[in-house]
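The stops below go from single strands to a helix and a sheet, with the whole chain left for the end.

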Amino acid sequence: MSGGRSGGGGGGAAKMESVALVAPVTALEFAGDVLLAGTGPEVAAFRLSGGGPAAAAGRRSVLREASVQGLRAEPGPAGGGGAVVRVAAFGGRWLAVLAVRRGGPGGGARLAACGGGAARDLGARVWEARWAAGGRLALALGGGAVALYEWRGGGRWLRRASCGGAGALRCAALAGTGWARLALAAGTAAGAVVVWRAAAAATPRRRLLGHRGAVLALCYAAPRGLLASASEDRSVRLWAVGELGGGGGEGSCLLVCYGHGARVAAVALRGPCPVSAGEDGACLEWDGGGGVRRARRGHRGALRALALRPAGGCVATGGDDGGVRLGRPRRAAPVAAALGAPGRPRAVLLAGPRRVLALGETGGLTAYEAAAGRWMPVLPPAAGGPRGVLAAATLPGGAEALCALAGGDGCLLLFALGHPAAATGLRLFEGAVRALSWAPCPGLPPATTALLASGPDGEMLWLDVTHRPGQAPSVLLMGRYLLPPCKQRWHTCAAFLPQGGLLVCGDRRGSLLLFPCSSSPGWATESTGIAGGGTHPVGEDSGGESDPSCLSHKGALPLEAPLSVLFGLHGKTGVTSVTCHGGYIYSTGRDGCYRQLRLQGQQLEVLRKHRPCKGLQWIEELRFTPDGDLLVLGFHADNFVVWSSRTGENLHCVPCGGGHRSWSYCSSPSAEAFAFVKCGDVMLYHCEAAPCEQQVLLASLHGRAMACVRRLGAVEVPGHAALNVFITGSEDTTACILALSEHSRAAVPLARLSDHISSVRALALAGPVGPGNEGLSALLFSAGGRAQIECYRLLCSRDPASESAVACQVVHVASHRLDEHWERKKNRHKLVKMDPETRYMSLSVVPGTSSEQLPTPWKFLAAACSDGSVRVFGLLEAARKLVLVAESFHHQRCVLKVEAFLHTWAGGERRHLLCSAATDGSVAFWDITSPIADATDALHRAEGEMQPLALGAPLLTIMAHSCGVNSLHIRETPEGQYLVASGSDDGSIHVCLLEVALGGGEAVAGTCLRVLERVARPCAHAAHVTGIRVLQPDLLLSASVDQRLTLWRRGPGGLDVLSTTFFHVPDLAELDCWEVAEAGGELRYYCVLCGQGLEMLHGVAPPKPPLPEAPQ
């Protein structure tokens, strides 16, 4: 599928073709049971029927050099299977008509072109289209014109009129089916809505005034005579206009709706109430009084498109993040109800979604059964005492629960909730029991659950409790553990690892601890444990009195110390949960983060830190759903929320006053419940299970423009086409690892990196990136604003069971910030503090720093900085250290690009060379061999700490351009020389050929560069050249903000154009290229471009030009 027009270079020219595109969603429309989305020049279809979730059904490129700005389905009765719906697609000056065939083979939708197939250039911008009588199209055109167009055949104008006093239009709406009753409403840049009738277009019929900014969207509902307008003043207005082209008058404003935090880009009407989508990423449904009835969020960026489905009440949204979401009607949110608890409850606990336990201040336990609607006493006040601790575990089947109640006297009471009289009493500690928690243990029978109890001086006991119907539970003491010393020395959560033999728990100090749990002394105690021999559990015969023998028996077990301690991992507020999933360990805390860890031997290793949602300062627990979603439970201000990672919105939000009070959450396939104590009573929020209200049809990538892209490699998955894995960085402060399929032409995010506090402007990869035995593996460096660099280890492998067919493992290795580096200096009071606005503009990994003759574990990274410096960093992956080792302020102005390369002489001697380019158009070349060698020695001696060295003066400086250098690439030729290609803000391209030599037989300082050839092409592009690559010594590829991708032939006479291809990524920021050898030996070049979207193109290497004949 062609990405646009190509030309130049003759019949043998190579043409680049688009193979995959991710672009902002700018248009949405329902066509029966099919949802259509305009993304760039393409239209994607999603099937909504079939009783299940919506599914992708097809994709087709319909416009040539414009994005689809509108889709309008021809009205008519809902068709049955095989029915055809015609849809007009327009954008810019282009118009095309599609036929959507619903209910085809496999239940999908097929998109076909109508009226000759090709999109038509109408010569003026199309603001709006409407189906008129006879299957014709009424169009609102740029310049304030309204027309009737016959699109069939060759296309011709039937009627056309210019509207007087139109001004600068920003949007339009049409009403009427014939020319006599056709009316146009247009929103202007001055904030007015002007209405004309096509038959008398010289004078406007009415003007609607009130907006204080440009009107960006209009929607007219003829049956009710209502017109909704959306403006950049962040408001939505509802007007009563009657027949749009009817009598004059100003019309009356019925509603003024304020609630968006940014410009409102789209508006629609559902009955008498507007629905709007704004650049704040919110879709708001308004009520009749101008208030927000329902807010839908989840997109990562501004919304651009909105569509309502007449049947079913669904709403579809799309925006700059390239995502499409389908929202279903929302049920009324339940309200927490007061249960009227007896006495004054101190703690509350859910034992299932319909059963609430309340522990009173005097230690008594009561239960509320939702089916009976009343409270029932369970245990008298003396059972728990005034300092009681309560924990419950639901048994398989959900009908029964095991309860543990401990008090300040160190005694523990175990009982089944259905038979509280049959209880087992134990004396665990001399002092108070600080904490109780149940933890599922692999390998235990279904009726047995592990209980962990913390006591004085950091002692923690592991008990196996077995439920026996009609009898008191039996207990086995399995282990004793000692928590590290701290002020609040008790555990808060625990989990047994699936590998067996290990227990991981979190404590109140925020530390994560790893203990052995299957050592021989622990298991040998079973024969002499509490439940065996002379330690018969009380409760069966003695009415629940405590057995004092527990204190003596636990002394037979060793007090185990932790194998691994991550002290204060979640700060001083404590660890809230530990979960095992997919071979990883996940911990949460009140620091607003959750961490992903793995087990290395018998040590815990932190892989990544995640901050899932802005404003979520207290994360209580993670829950992994069977359909692959990750639910985050926590507190946002004084609300308890359940946040979905897949949809990016809250599934539940319960105003409860905050997490400092006693509360409990329970989720089951049938219902979800949240209970909490407030105002001396127990409140219960109960919600019946229902399908997810929001479905993601196209995944979101970035909320703002992409600034950089790198290709990691391709993953071969049986049964799938090869999946290319890319890393993109964006102004939204995140980097995204994604898989892009040529078959589906869609991108699937694999992982998001959110450690940056400002924009991600540069990426670099180090290490082997080719497919190995375990997949793709590489070191990733990301950098950007606030002078911040992050380093990760990536491993991508095939995973046919997942939706993306690719699994990605990310390990955070190291990070560096210049302000933190300055703060660590002992003499910082004598130094000038770094500019907090310093940005890294470009990164390049120094190749070949480790060799067989000089092995070193350090890797080096060069960075171009906005403060005029070129900096070199050293990374020691094993120690997770990233250190600044050298710098130079030679350029004295913003450095835009750096590129490192390696030169090796015939004798094996190496030179590390660096090229840097700045905003003045200069390109400088450095020999950094000596600084790297000195830095390696200094780092080895100082164990990873050193003062930055000076890079010295550059070997050579070339004034290649008259202004900033936005793209740079270096390639070695077969002769051992180097081609340096650069592109500039002025649209020019410069290529020079360099030779590396030794001057005067000296050592490193004698390295010199000679320029053998220079070629310049002024005005190669009409805008900034932001991407350039040397594909072959005689072949170059350049890309510009003018959305042209040009292939050049480098010859003796300069640069000649081979072909030019239009691509569909506005505001191009960067490109990356690679080559693939086809099965037949043909060499194919691929490139990926990023900006306001992402596009992948490919082309065949052009044939070599014939050699000139020798003179006779």
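Strands are DSSP runs of E with at least two residues, helices are runs of H or I with at least four, and both are numbered from the N terminus.

This is a predicted model, in which local features need pLDDT of at least 70 and side-chain atom pairs count only at pLDDT 80 or more, while totals for chains, interfaces and linings use all residues. Residues are numbered from 1 along each chain as its sequence is written, and side-chain values use heavy atoms, with hydrogens and water left out.

**Strand β17**

Select residues 183-188. Six of the six residues of β17 are buried, where buried means under 20% relative accessible area with a 1.4 Å probe, protein chains only. In a regular strand, side chains alternate between the two faces of the sheet. A183, A185 and G187 point one way from β17, and L184, A186 and T188 point the other way.

β18 runs antiparallel to β17, joined by five bridges, and W196 stands opposite L184. Four residues lie between the strands of this hairpin, and G191 there takes a positive phi near 95°.

**Helix α4**

Select residues 929-942. The 14 residues of α4 reach 20 Å from first C-alpha to last, close to the 20 Å expected at 1.5 Å a residue; the expected span is 1.5 Å times one less than the number of residues. Colour T929, P931, I932, A935, T936, A938 and L939, the buried residues of α4. They pack against several strands, including β70 (858-865), β72 (881-888) and β74 (910-918), with contact meaning heavy atoms within 4.5 Å. Just after the helix, E943 has a positive phi of about 55°.

**A four-stranded sheet**

Next comes an open sheet with the order β28-β29-β30-β60 and antiparallel pairing. Its edge strands, β28 (303-308) and β60 (694-698), each pair on one side only. Inside it, β29 (315-319) and β30 (324-327) pair over four bridges, and V315 has G327 as its bridge partner.

**The whole protein**

Finally, zoom out: the secondary structure comes to four helices and 88 strands, and 57% of the 1112 residues are buried.

Technical notes. Buried < 20%, exposed > 50% of the residue type's maximum accessible area, 1.4 Å probe, protein only. Pairing = 2+ DSSP bridges.
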